[in-house]
Amino acid sequence: FLAMNPQVVFVLGGPGAGKGTQCAKIVENYSYTHLSAGDLLREERSRTGSKVGQLIDNYIKEGKIVPVEITINLLKKAMEETMQKDENKFRFLIDGFPRNEDNLQGWVKVMDGKADVKFVLFFDCSNDVCIERCLERGKSSGRTDDNKESLEKRIQTYLQSTRPIIERYEKQGKVRTIDASRAVCEVFADVKAVFDREG
Ligand code: UP5
Ligand code: MG
């Protein structure tokens, strides 16, 4: 019996760059499981009506990054549960993580040697397009952070904290950059080329 390390692709990009949309399409075409760190945090927020839930709620509204101890445990648990149910499901898209230095350190501390990061899929999109997409979605999403005030903070956090992480991986030759400002199917054509080659 050979236990396989989970194979991970980190999916990064600004708020509304299309990470979730493209991950859904990847899952339809390749054998990957999609784990959105943001979705897991939102789930946890509504599940725990307690202090942790309130903390998550606050961080999300403020566009700040939740302390990694919370996020990494949710990700680890989700990966373990998926692999326990089906040992063939060991490929993961981790969407929206790692977003800052704290996230990266937490990942290394908990997952080093236990998971292999294959590459980082980076959806590159201008801030204006990102904001426009989130505001449009905000009309019906019910997300507490799809409003102008939160979006400005999310963009700031992205520029200050997440871009340096992407640059770090870039120096290691691990980033696959996709122009995400185009239509969904055009973006996916480029994504497909990456996964056909090395997914
Ligand atoms: N859309 C998508 N692609 C399009 C295209 N090509 N053309 C036109 N429209 C397109 O898409 C956003 C909207 O745009 C949708 O309406 C879509 O139809 C349309 P989506 O695919 O949802 O984009 P995505 O990049 O997933 O946007 P999201 O808002 O989810 O990105 P964020 O990174 O901001 O959100 P996330 O859920 O990852 O995080 C939210 C918050 O959680 C963070 O701000 C933070 O506070 C917290 N968080 C942490 O603290 N730690 C973490 O590790 C993760 C999150
Ligand atoms: Mg998303």
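## About the model

This is a predicted model, in which local features need pLDDT of at least 70, side-chain atom pairs count only at pLDDT 80 or more, and totals for chains, interfaces and linings use all residues. Residues are numbered from 1 along each chain as its sequence is written, while chains are lettered from A and ligands numbered from 1 in the order in which they are written.

## Around ligand 1

The shell of ligand 1 holds 31 residues, of which P15, G18, T21, G38 and G96 come nearest; a residue is near if its C-beta atom, placed from the backbone, lies within 6 Å of the molecule. Two or more residues each come from α1 (19-29), α2 (37-47), α3 (51-61), α6 (127-141) and α8 (184-198). Helices here are DSSP runs of H or I with at least four residues, and strands are runs of E with at least two, numbered from the N terminus.

## Annotated residues

R42 is found in helix α2 and counts as partly exposed because it has 17 C-beta neighbours inside 10 Å. The cut-offs for other C-beta atoms within 10 Å, all placed from the backbone, are 20 or more for buried, 12 or fewer for exposed, and partly exposed in between.

N103 lies in helix α5 and is buried, with 22 other C-beta atoms within 10 Å.
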